[in-house]
Amino acid sequence: MQNKGLIKVFAILFGLVCIYQLSFTFIASNVDSDAKDYALQKISTNVEDYSTKRDLAEARYLDSVGNQEIFAGITYNSAKDKELNKGLDLKGGINVILQISVKDILRGLANNSKDPSFNKAIVEAEAAQKDSQDSFVDLFFEAFSKIPDAKLASPDIFANKTLSDQVNFEMTNKEVEPIIRQKVDESITSAFEVLRKRIDKFGVTQPNIQRLGNSGRILVELPGAKDISRVKSLLQSTAQLEFWYVYKNNDFGNFLVNANNVLVDIVEKEKVTDTAVDTTATTKEDAAIEALLASAEDTSEVQQAGNNPLLGLIVSPGFQGSPVLATFAAKDTAQVMEYLKLPQVRSLLPQDLRYAKFAWGVQKEKFVDLYAIKGSRENIPPLAGDVITDAKQTYDQVGRVAVSMQMNGKGAKIWEEMTGKAYSEQSNIAIVLDNIVYSAPGVTTGPISGGRSEITGTFGITEGQDLANVLRAGKLPASADIIQSEIVGPSLGHEAINSGIASFLIALAIVLIFMVFYYGKAGLFADVALTVNILFIFGILAGLGAVLTLPGIAGIVLTIGMSVDANVLIFERIKEELAKGKAQKDAIKDGFSNALSSILDANITTGLTGFILLILGTGPIKGFATTLLIGIATSLFTAIFITRLFIDGYGKNGKYLEFATTWTKNLFRNMNINFLAKRKIAYMFSGILILISIVSFFTNGLNQGVDFVGGRTYTVRFSDDVNATDVQNDLTAVFGSAEAKTFGANNQLKITTKYKVEDEGEEIDAQIQQMMFEALKSYLPKDLTADEFGIGSGEHSIGIMQSMKVGPTIADDIKNDSFWAVLGSLIVVFLYILLRFRKWQFSLGAVAAVAHDVIIVLGIFSLFYNLLPFSMEINQAFIAAILTVIGYSLNDTVVVFDRIREFVNEHTTWPLGRTINSALNSTLGRTINTSLTTLLVLFAIFIFGGESLRGFMFAMIVGIIVGTYSSLFIATPLMYDSVKKKPADLKTPVKAPVKTT
């Protein structure tokens, strides 16, 4: 091998760089451990809310030592920035995909147009999006184009004052479309930047935010985040800050009384109507009204015998001259607002109040104030939040938490005018954020110049900081709905790290021992190269800032098993060269040279499927693909160069190196199995398996995960063992439909429901969690509270350990992406083998074998998902397993094909059948050894890697077994049967020498 010195220098330098990159992780982990120990010692379990207080103590400790030098100028803060990133499944936290509402953006661009054509197209696009993969903009334009004589450049749609510089009345629809597309894209980019600024100030280390194509979707990952409701509020708040003039309560005294009188008649009519429809049952609406009337009996002196639907709900009226009309119970706010929106009630407003908008204030304990804002025909506030240039959390004159704001010049001027008018009229100005009135102060000192204002409320310091952060980052241009979320509790993350490390160490030990057992000293050299390979993988991950996930650890462990393949190929070829009587030096040289083609082909095919996973996968699956690809690259380098350095160095002084041990010396030697003679039996066996699989698809179906069908899934842990069927029955009674399955130990269940899957919002999530808690109360400790049951409950090991929510729209997208990923990998494989071997027969055999493997693995999952004691869901992780199996199966097949091509060129007089059988027998040792080491590794992960990986690993194990079988009995025989011409047709073409004169 040439350039040995250069390779040594590169390997040493690269190893030192990897150690340097990993040193930051080591330093940061030590300080984190010290902080945790400090918090445990300082706060005992006897202290109330000790978990939260320990978190605060830990944070204070880290803040105090953050900038202290630890080693060679490295501080904790600098080390934390460069440490190896850990994903949600290892650290806990939240992962969400937000859908920026393109519908809202279009409405905003059209100035909330009332044009019938525009609104019809919006509605049709919204309906079409449920079953389409096209973007909302495309669907909107398609729906709009079907409306006769409809023009996007109408002054009532996009040819408005806002877009006048770009859209004019004479433009055609085709000319307007690219302008609107650009504006929509700009708005999504703006939303991305707003979210990025908010997250940067949130205080979570190693956050990740990225746009997902042009769909208007944004992925946000916050490892280590514990306050989940705070995160959701931060991400979904539109930060729509507005300043409005507000009415006083004496302007609406008569209105509320008159509205109450009208409502009496409406409620009575509803009662009569409902009774006439069904006199034997009380409807939900009746029950709601009766409850309101009953609850009003002790809330107001003015009500009489339940005849005051509105006034009866008033807890206390606003005092004279106050902007508060009245105070209501928080539970009644929806009913009150429903009453106030009725046309019969709105018609009671006098002419000068017809544009009044009713809004709620900030909830104080269980009560909420009602305000009436001075609206306008255009519904545009006199001053909006886009004039805010800075905001920070402060305290007001009486020590309450407040948020002070600074406006730009334009905003300062309008603010001065507004405060001047409010002062002269002795009125109030409401500060409204996301339709909630935070405060409505009066102006007592004259116009306020300089553009400074303040928001006060009943929020704490953290809420004040978040509000200032949101205002400073700016408002979202449209609403952001969480269409997919995954929440992992910190205790489950800690368990995942332990199980991941255990499976990694056990798998590594198995491979190291096996290599020494089978190849002796040569195996020891391969072990050294493997150790260097692992150092390189972790060093590169740390240097690139990649995220290590539990599937990522599985990818590394799998790489350990697969990286042995290169060494096995090399050692088996060297043994063949030695058997031919060659000198050791020549045998080593030829062995490395002859194995190189097979090694490259096998790793390229696996790498291609890895790239497909990297492109189409998200979250943990992307982490798996990243480590797999890095592992393939580093294992190639270490197997080809590092192993060679040790072997050449050992034998340079004439020392003889055995590539076997006493027990393995004669294994797989002189094999003479007639594989082709058994191909018809194999065809029948495979045909039966495929038939059974297809029948099972139509009868049993597949256990599709939440990823593919949408819904909510929770991993819930109990203090004692529970019966999954009993729990499922109790949950079904509450949710209508639910599924509960044992997940790991008998005290842990995976609960799935589609209840309100299309509804968004933190309130819905909280409601479902509360309903689940109530349904499961009989299985939980009596002293466990609802808060402790929920995500982020600190030290408690009982309750929701992990949750995931996938909306139906994105579930369809995930399913389609998965289908195209598998199909795309098959096409890529066919084309690569066609390009590499130049014969379509090779491609046909390889693709048929891979399709055979995929169908059988799916069939086994279809047959046994109700029988085996672990999750066998068809989800994104399963698709990752299938794609890896495709790559691995091809790995085997390509090695065999490469040997067939070599034998065809060497043994030109042999019949094709003999050539193929000889090639299969000569590679049998490599096939068995590689499959065996990989299976040992997979079994280690399956047993020790944690419940979340068990189904993933089972798919891999089945796939490896079936893939090994198919490479011997399906791919090669099919290639043989498809060859109709002489064996010479499979020869590698050799260019004729150029004649010179």
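Predicted model: local features only at pLDDT ≥ 70, side-chain atom pairs only at ≥ 80, totals over all residues.
Which residue in S14 stands opposite Tyr 395? Val 401 does.

**The chain overall**

The protein chain has 997 residues, and 53% of them count as buried. Its secondary structure comprises 31 helices and 23 strands. Among contacts with a separation of 6 or more, 73% link residues 24 or more positions apart. The accessible surface is about 45,900 Å². Carbon and sulfur atoms account for 57% of that area.

**The three-stranded sheet**

S13, S14 and S17 form an open sheet in that order, with antiparallel pairing. Strands S13 (388–395) and S17 (452–456) are at the edges; each has a single partner strand, so one side of each lacks a neighbour in the sheet. On average, neighbouring strands here are turned by 25° against each other, direction ignored. S13 and S14 (residues 401–407) are joined by seven bridges. Helix H14 (residues 409–425) lies across S14 and S17. Its direction is at about 110° to S14.

**The eight-stranded sheet**

A further open sheet has eight strands, in the order S5-S6-S4-S18-S23-S20-S22-S21. Its pairing is antiparallel. The edges are S5 (208–212) and S21 (739–742); each has a single partner strand, so one side of each is left without a neighbour in the sheet. The twist averages 20° from one strand to the next. S21 pairs with S22 (residues 748–753) over four bridges. Thr 742 has Leu 749 in S22 as its bridge partner. Helix H23 (residues 724–735) packs on this sheet and touches S21 and S22. H23 makes about 160° with the direction of S21.

| Strand pair | Sense | Bridges |
|---|---|---|
| S13 and S14 | antiparallel | seven bridges |
| S21 and S22 | antiparallel | four bridges |

**A covered helix and a surface patch**

Is helix H7 mostly covered or mostly uncovered? H7 (residues 136–145) is mostly covered, with seven of its ten residues buried. The buried residues are Phe 136, Val 137, Leu 139, Phe 140, Phe 141, Ala 143 and Phe 144.

Helix H26 (residues 808–837) contains Leu 823. Leu 823 counts as partly exposed because its relative accessibility is 31%, between the limits of 20% and 50%. Leu 823 is also one of the residues in a nonpolar surface patch, together with Phe 819, Trp 820, Ile 827, Phe 830 and Leu 831. Together these residues have about 600 Å² of accessible area. In an α-helix, residues three or four places apart point the same way, because there are 3.6 residues a turn.

Key:
Residues numbered from 1 in each chain as written. Heavy atoms only, no water. Helix = DSSP H or I, 4+ residues; strand = E, 2+ residues; numbered from the N terminus. Buried < 20%, exposed > 50% of the residue type's maximum accessible area, 1.4 Å probe, protein only. Contact = heavy atoms within 4.5 Å. Areas by Shrake-Rupley, 256 points an atom, 1.4 Å probe, with all protein chains shown as cover. Patch = residues over 30% accessible without salt bridge, like charges linked within 9 Å, V, L, I, M, F, W, Y side chains within 5 Å. Salt bridge = Lys/Arg side-chain N within 4 Å of Asp/Glu carboxyl O. Pairing = 2+ DSSP bridges. Axes fitted to C-alpha atoms, helices over the stretch in contact; angles between N-to-C directions.
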